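Open the model in your viewer and keep the selection panel at hand. This tour tells you what to pick at each stop and what you will find there.

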Amino acid sequence: MTALLSNLNPEQLEAVTWPHQSALILAGAGSGKTRVLTTRIAYLLQSGHAQPHNILAVTFTNKAAREMVARISALLPVNVRGMWIGTFHGLCHRMLRAHYQDAGLPQAFQILDMADQLAVIKRLLKARQLDDKALPPKQLQWFINHAKEEGLRASQMPADDSFNQLLAECYLAYETICIREGTVDFAELLLRCYELLSRNEILRDHYRNRFQHILVDEFQDTNRLQYKWIKLLAGIDAQQPAAVFAVGDDDQSIYAFRGAYVGNMRALERDFNIAKIIRLEQNYRSQGNILDAANALIANNKGRLGKNLWTAAGQGEPVRVYAAITDMDEAGFIVDEVKALHAEGIALSEIALLYRSNAQSRVLEHSLFNAAISYRVYGGMRFFDRQEVKHALAYLRLMILPDDDHALLRIINFPPRGIGTRTLEKLQDQAKMLDTSLWQTALKTHEKSQSTKGIAGFVNLIQTLQQQCEGQPLPEIIRRVADHSGLIAHYQNKQTESERIENLKELVNAATSFVHEAEDDSLTAFLAHASLEGGEHQADNQQDAVQLMTVHAAKGLEFHTVFISGLEEGLFPHDNSRNEPNGLEEERRLMYVAMTRAQQRLYLSYAESRMLHGQVRMNVPSRFVDEVPEKLLKNLRITHFSGRSYGQYAAEIGYKADTYTDQRRKTTTPTISKLAAKNLGEQGLDIGQQVSHAKFGVGTVINCEGNGSDMRVQVKFNQVGTKWLALAYAKLTPL
DNA sequence: GGCCTCCGTTTTTTT
DNA sequence: AACGGAGGCC
């Protein structure tokens, strides 16, 4: 026991040994959050306060869940299997499988991922003859998911105007489809589980009795339904409620855009009568200057629970800032620094290049590639999202749940077997008339036919596959399906598709390792695994490489050196965040997360001009750079120019932004430097200059076009956004 | 059925 | 710039 608790600081120790009561742990970045969580579990077990089966621990990602299991196992020899440790979705799924009948689901119910869900929605909208303008599929998807996250069913949706009525009707139609097909989307896993527990007293009491300790990781990222689920399971109104041990950091809440509700932290405090929040403020990751910078930045946010990170390590190096001329120049600078760091002995994998949006990675990749520095980009297409893999999975799903129209439609004519749009329409019409699934309809109308063509051929194929795979081991089932479905042959006929065949083989490999690792190695379990664990492609290249990722993807990670690039107004903070309530504060938290990833060295950079969406844009440095106290910064521009003038350096890096061509309109417009020098100069203006406008207030000139009386300038106003103004009319006063 | 062209979009993302 | 979707054409 003493070994377990040694080396904890006083706050960590208080959290770990907290009595059998609910607790809220405010755990700053790098404060040993995971350590506290896992040591708490080990402490409960070792001290005899709890048995493994009394413990439920919930995370957001499978990776976090796996890490938790691994670290507990390392702390003490315990049967981890007795504990329920997993993601919200994974745990809800587990309950629904165990009680599928009580939950009103077929035994072989299947999980729809976001793409599957969108496809179902598109099909639904098409059937109702609603085009994109009447109701965009994405919007309906968002509406349905948000409704579910609020715990609302279609029948509870307001229909106060015609559009809301339309939304409610479509939601209802969607629910009907899912029920008939036996499919469940991500939000449904949670809502269904919540409803199951709230309606079924026996089950509820069973689980309440069992889970006396509920531990929640990244609590700030919970949505309202997840919180209600925790509350229900903990049974705050019960005689002996479970102890909820919630660990989170309101300053690192960066998922409001997908429904996370930070207010849950306050709600927990209130609902669970938490008298004292435990704050973990000692940071074991970053050096002083980096923390001071991050603290100063986040202090600009309002309504925080309040927390100030400190470190026992020294101040370390200053935060380095580079003002680039172009995005290419910015990338070039970063690559130069990476080279220098690597030469000093820093491993490439200890260097992270962070950016706000994925599109920004390209310039960086380009420069790294040319410099022959190995790098790895995170994000992008995941294994189980690939079309060939999804096709194969659709065959498998249809075999065990033939009423899944979504799966059927995906493959009824893939590979092509002569079932065209008209045949399909006929089948769908018949199904509607018979009020049954497409599969049942196909059976009824083509059962007698022995034909190997068309729908009858498809029915025969699926039935044959069902028979052939009966009782076979999982990898063998997948091998047969990939082969007999004609998928392999189809891709073999195309020269460019050889990678897809490799992926189908990889799917067999995935099944092989799944059989070795999973407790339940059924096909149903494998399909659930494919949906829920979407395939973090972990195993690949161990080689030393620079890490490229969005700031979101970097959450929870740490690196010796971190570069945050593209720190420009409009990019970071992103323009779109302005339309969202508290959008700027979320952007700032994002910046806070990015900065606190760095251990020893932090670089901030921005570019004056950047190619975005095929157009050169002039940008103003991000306010986030200004929010870092000057005394913590070190400006590298002068050093990097090494004595040259701006003009000399610009010429050297080939910066010729005299004109840019709008490909769409085939027009060439003179931009910045020349015009700025000539025409703008005549007006007493310049790019980058602060100006004042009677109505719009203060702003910065960021672009211009035309000349003479037609001349217009683009001004980024501090209050009202970016506007094009005709100089002949608008009265701009240089400041 | 497959290929081509035009057009619109473009933040972040896990389950 | 780049990608995806829709619609037209052979």
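Select the atoms of DNA strand B within 4 Å of the protein: 52% of them belong to sugar or phosphate, and the rest to bases. Keep in mind that this is a predicted model.

Now turn to the protein side. There are 26 residues around DNA strand B. Pick out Asn62, Arg356, Asn358, Asn413 and Thr550, which come nearest.

Next, which parts of the strand do individual side chains approach?

- Asn413: an N or O atom of the side chain is 2.4 Å from a phosphate oxygen of DNA strand B.
- Thr87: here the partner on DNA strand B is a sugar or linking oxygen, 3.5 Å from a side-chain N or O atom.
- Glu580: a side-chain N or O atom lies 3.3 Å from a base oxygen of DNA strand B.

The unreviewed UniProt entry annotates Ala27, Gly28, Ala29, Gly30, Ser31, Gly32, Lys33 and Thr34 as "binding site".

Zoom in on Gly30, in the loop between β1 (23-27) and α3 (33-46). Is Gly30 buried or exposed? Its relative accessible area is 18%, so Gly30 counts as buried, the cut-off being under 20%. Show its surroundings: beyond its neighbours within four places in sequence, Gly30 is in contact with Gln282, Asn283, Tyr284 and Arg285.

Stay in the loop between β1 and α3 and click Ser31. Ser31 is buried too, at 1% relative accessibility. Its contacts, again leaving aside neighbours within four places in sequence, are Gln12, Leu280, Gln282 and Tyr284. Draw a distance from the Ser31 side chain to the backbone oxygen of Gly28: it is 2.7 Å.

Now go to the interior. In soluble globular proteins, nonpolar side chains tend to be buried together. The largest nonpolar core here has 49 residues. Select Leu393, Phe458, Leu507 and Phe526, which have the most contacts inside this core. Then show helix α16 (residues 387-400), which gives the most to the core, with eight residues.

Centre on Phe526. What does Phe526 touch? Not counting residues up to four places away in sequence, the list is Phe384, Leu393, Leu474, Ile478, Leu507, Ala510, Ala511 and Phe514.

How values were computed: Residues numbered from 1 in each chain as written. Chains lettered and ligands numbered in written order. Predicted model: local features only at pLDDT ≥ 70, side-chain atom pairs only at ≥ 80, totals over all residues. Heavy atoms only, no water. Near = heavy atom within 4 Å. Polar contact = N/O pair within 3.5 Å; in protein donor to acceptor, adjacent residues only side chain to side chain. Core = buried A, V, L, I, M, F, W, Y, C linked by side-chain atoms within 4.5 Å. Buried < 20%, exposed > 50% of the residue type's maximum accessible area, 1.4 Å probe, protein only. Helix = DSSP H or I, 4+ residues; strand = E, 2+ residues; numbered from the N terminus. Contact = heavy atoms within 4.5 Å. UniProt positions renumbered as here; feature names shortened; annotations may be inferred.
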